[in-house]
Amino acid sequence: MILVTGSAGFIGSNFVLDWLAQSDEAVVNLDKLTYAGNLENLATLKGDPRHIFVQGDIGDASVVGKLLAQHKPRAVVNFAAESHVDRSIHGPGEFIQTNIVGTFNLLEAVRAYWSGLAAEEKSNFRFLHVSTDEVYGSLKKDDPAFSETNRYEPNSPYSASKAASDHLVRAYHHTYGLPVLTTNCSNNYGPYHFPEKLIPLMIVNALAGKPLPVYGDGQQIRDWLYVKDHCSAIRAVLAQGRLGEVYNIGGWNEKANLDIVHTVCALLDELRPRSDGKSYREQITFVTDRPGHDRRYAIDARKIERELGWKPAETFDTGIRKTVRWYLDNQDWVQHVQSGDYRNWVEKNYAGRAR
Ligand code: NAD
Ligand code: TYD
């Protein structure tokens, strides 16, 4: 079996659902259930003996140690993190705690477990750390896309904390020989994406008749990957990745934020037209920019394609259409995640931004 952390969140839950759809290898799921963790994402696994959910913190070495001793996983996949840049600007403390201290404690517990394994299990064991392209900083318009050897230049408390965790993972390989793999992926989108992030926020606000808040001039560029393609890449790295290596994952889909918002509006105009016949574009509102906003991210995904034969299955057009449809078909999920906490966040992040 494998131990997956943070898998009540967006990418982790997609990973576990896809894993168990393709394999009978059981998953122990360790998640703290922060505001971003939601067991509804895993509702279809209810009663499935291949999925064991444990509520707990990756930073709690005794909980992790017990789980490892009890279930003896052959691999740990670490998704658990604080993941939202805007929240890291309002309150970086949790990011330091989970992303840096938490990853450190997790690595310590895993190292203790791995050291005690028999020779064959020890050499087959894997620790896969899921990270982000944001550790490489911001690209200028004509710079080449990020490769695995790009210098780390994180600019937000979020990316700095992820960069620190990547360095710890690297050091545990270099110093202790822990069999690690690191993936740095571009922006994901798809089902179960919490509506604090750009794409789900725009869908949810559009349908609710609310403003669509575009930061600054909306010309910042992100490189979008459908979440299930990220999950297939992680499976490929886990199965065949070379130990100690880093793999950048991306879909060659650079888009300006404003273009993304226009695409979402066009799809909603087609699939769920406004009752007044106008376009959802009417709801676009330019608001004050994010402090320190990175201008452009882009992933050079040639290494994972060359070494592991991985390629995304979705284009942006097919992935975004599936995503918009998913939100239209899962309005109950949307309503449930918009709890009091969510409303407090929206108030905190957007109240001061009106221009
Ligand atoms: P998310 O915020 O949706 O989910 C994070 C999950 O981790 C939640 O279920 C939360 O409850 C859990 N968690 C938080 N702190 C924890 C702790 N201390 N112990 C145990 N569980 C904890 O995030 P996501 O978008 O699914 O991202 C998952 C991972 O992928 C993160 O490491 C993130 O940095 C990385 N990543 C995300 C993207 C993206 O576009 N979303 C892109 C590249 C990499
Ligand atoms: P986000 O989804 O928060 O991901 P990240 O900051 O990790 O890339 O934001 C994606 C882009 O969308 C980013 O450039 C910021 C921008 N953005 C807006 O313009 N308005 C919003 O309300 C949000 C949440 C993001």
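Visitor: Which ligand 1 atom does the backbone of K32 sit 3.0 Å from?

Guide: A nitrogen atom: a backbone N or O atom of K32 lies 3.0 Å from a nitrogen atom of ligand 1. Bear in mind that this is a predicted model.

Visitor: And what does I58 do with ligand 1?

Guide: I58 also uses its backbone, with an N or O atom 2.9 Å from a nitrogen atom of ligand 1.

Visitor: What about D31, and how far is it from ligand 1?

Guide: D31 uses its side chain, where a polar atom lies 2.6 Å from an oxygen atom of ligand 1.

Visitor: How much of ligand 1 does the protein bury?

Guide: The protein buries 96% of the 840 Å² that ligand 1 exposes when taken alone.

Visitor: How many residues surround it, and which are the closest?

Guide: There are 28 residues around ligand 1. The closest are I11, D31, S83, Y158 and K162.

Visitor: How do those split by class?

Guide: The shell around ligand 1 has twelve nonpolar residues, twelve polar and four charged.

Visitor: Which elements supply at least two residues of that shell?

Guide: Those are α1 (10-22), β5 (126-132) and α6 (157-176). The largest share comes from β5, which gives three residues.

Visitor: Switching to the sheet. What is the strand order?

Guide: The order is β3-β2-β1-β4-β5-β6-β11, seven strands in an open sheet with parallel pairing.

Visitor: Why do β3 and β11 each have one side without a neighbour?

Guide: β3 (51-55) and β11 (246-249) stand at the edges of the sheet and have a single partner strand each, so one side of each has no neighbour there.

Visitor: What is the average twist?

Guide: From one strand to the next, the twist averages 20°.

Visitor: How many bridges join β6 to β11?

Guide: Four bridges join β6 (residues 180-185) to β11, and the two strands run parallel. As for positions, T183 stands opposite Y247 in β11.

Visitor: Back to α1 for a moment. Which strands does it lie across?

Guide: α1 lies across β1 (2-5), β2 (27-31) and β3, and runs at about 155° to β1.

Visitor: And α6? Which strands does that one lie across?

Guide: α6 lies across β5 and β6, running at about 155° to β5. Both α6 and β5 supply at least two residues of the shell around ligand 1.

Visitor: OK, ligand 2. Which residues are closest?

Guide: E134, R222, R290, H293 and Y350 are the closest of the 17 residues that surround ligand 2.

Visitor: How far is the side chain of H293 from an oxygen atom of ligand 2?

Guide: An N or O atom in the H293 side chain is 2.7 Å from an oxygen atom of ligand 2. A polar side-chain atom of N257 lies 2.8 Å from an oxygen atom of ligand 2, and for the side chain of N187 the distance from an N or O atom to a ligand 2 oxygen atom is 2.9 Å.

Visitor: How much of ligand 2 is buried?

Guide: Taken alone, ligand 2 exposes 510 Å², and the protein buries 98% of that.

Visitor: Which elements give two or more residues to its shell?

Guide: α7 (198-207) and β8 (212-215) do. β8 gives the most, with three residues.

Technical notes. Residues are numbered from 1 along each chain as its sequence is written. Chains are lettered from A and ligands numbered from 1 in the order in which they are written. This is a predicted model: local features need pLDDT of at least 70, side-chain atom pairs count only at pLDDT 80 or more; totals for chains, interfaces and linings use all residues. Side-chain values use heavy atoms; hydrogens and water are left out. A residue is near a molecule or strand if one of its heavy atoms lies within 4 Å of it. A polar contact is a pair of N or O atoms within 3.5 Å; within protein, one must be able to donate a hydrogen and the other to accept it, and residues adjacent in sequence count only if both atoms are side-chain atoms. Accessible areas come from the Shrake-Rupley method with a 1.4 Å probe; for residues, only the protein chains shown count as cover. Ala, Val, Leu, Ile, Met, Phe, Trp, Tyr, Cys and Pro count as nonpolar, Asp, Glu, Lys and Arg as charged, and the others, Gly among them, as polar. Two strands pair if DSSP finds at least two bridges between them. Axes are lines fitted to C-alpha atoms, for helices over the stretch in contact, and angles run from 0 to 180 degrees between N-to-C directions. Contact means heavy atoms within 4.5 Å.
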